[in-house]
Amino acid sequence: DNILLREFQPGQPFDLEAGISIKPIQVPHRDEYSDTMAFVIRGPHKTLLYVPDTDSWSAWPKPLIDVLRDEKVDVALLDGTFYSPNELPDRDASKIKHPLIRATMDLLEPLVKAGKVRVLFTHLNHSNPAFEAEGAARKAIEARGFGVAVEGAEIGL
């Protein structure tokens, strides 16, 4: 009795509680098993986009930059499964559907540098060098104005 299941429809916002609304957005990723959703979470002061799992940004029907703009996103928690294609030497990088952190930074750096959105990466794979807080990958991410979400962090909305 600890979980209350609640059905929702993509694109149809619902209230989580007073002052917090959630808008599910269907995203492309392993749709043969289940629906994969991102969530626009609106608070009284800020809006957050949470995309923990997705195929590349080019697979989205609406460009990520347009979603960030149209939804007036202040903070984006984005799929950071892999930093670069050479993390998994035994796999063909072209078959990895997740957006690479480096590619996401290339896409969004103008928005981040202009202060239009704060971007934190989440859902890091165990092979991702960005896990190392003092490592070169993490420092490169931070040098470009991005960050990595850490356990226990709070983002006020």
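## Overall architecture and the setting of helix α3

Of the 157 residues in the protein, 42% are buried. The model is a predicted one. Three helices and seven strands are present, and from the N terminus on the elements run β-β-β-β-α-β-α-β-α-β. The radius of gyration is 16 Å, close to the 15 Å given by the globule rule for 157 residues, so the protein is as compact as a globular protein of that length. The C-alpha trace spans about 45 × 35 × 35 Å along its principal axes. Among contacts between residues at least 6 apart in sequence, 57% join residues at least 24 apart.

The accessible surface comes to about 9500 Å², and carbon and sulfur atoms account for 51% of this area. The protein carries 18 positive and 24 negative side chains, and the centres of the two sets lie 7 Å apart.

Helix α3 covers residues 136–143, and its buried residues are A137, R138 and I141. Seen down the axis of α3, these residues fall within an arc of 100 degrees, so they line one face of the helix. An α-helix has 3.6 residues a turn, so residues three or four places apart point the same way. The face of α3 turned away from the buried side carries the exposed residues A136 and A143. Elements that cover the buried residues of α3 include those tabulated below.

| Covering element | Residue range |
|---|---|
| α2 | residues 101–113 |
| β6 | residues 118–122 |
| β7 | residues 147–148 |

After α3 comes G145, which has a positive phi, near 95 degrees.

Conventions: Residues numbered from 1 in each chain as written. Predicted model: local features only at pLDDT ≥ 70, side-chain atom pairs only at ≥ 80, totals over all residues. Heavy atoms only, no water. Buried < 20%, exposed > 50% of the residue type's maximum accessible area, 1.4 Å probe, protein only. Helix = DSSP H or I, 4+ residues; strand = E, 2+ residues; numbered from the N terminus. Arc of directions from axis to C-beta. Contact = heavy atoms within 4.5 Å. Rg over C-alpha atoms; globule rule 2.2 N^0.38 Å. Areas by Shrake-Rupley, 256 points an atom, 1.4 Å probe, with all protein chains shown as cover. Lys, Arg positive; Asp, Glu negative; His and termini not counted. Charge placed at Lys NZ, Arg CZ, Asp CG, Glu CD.
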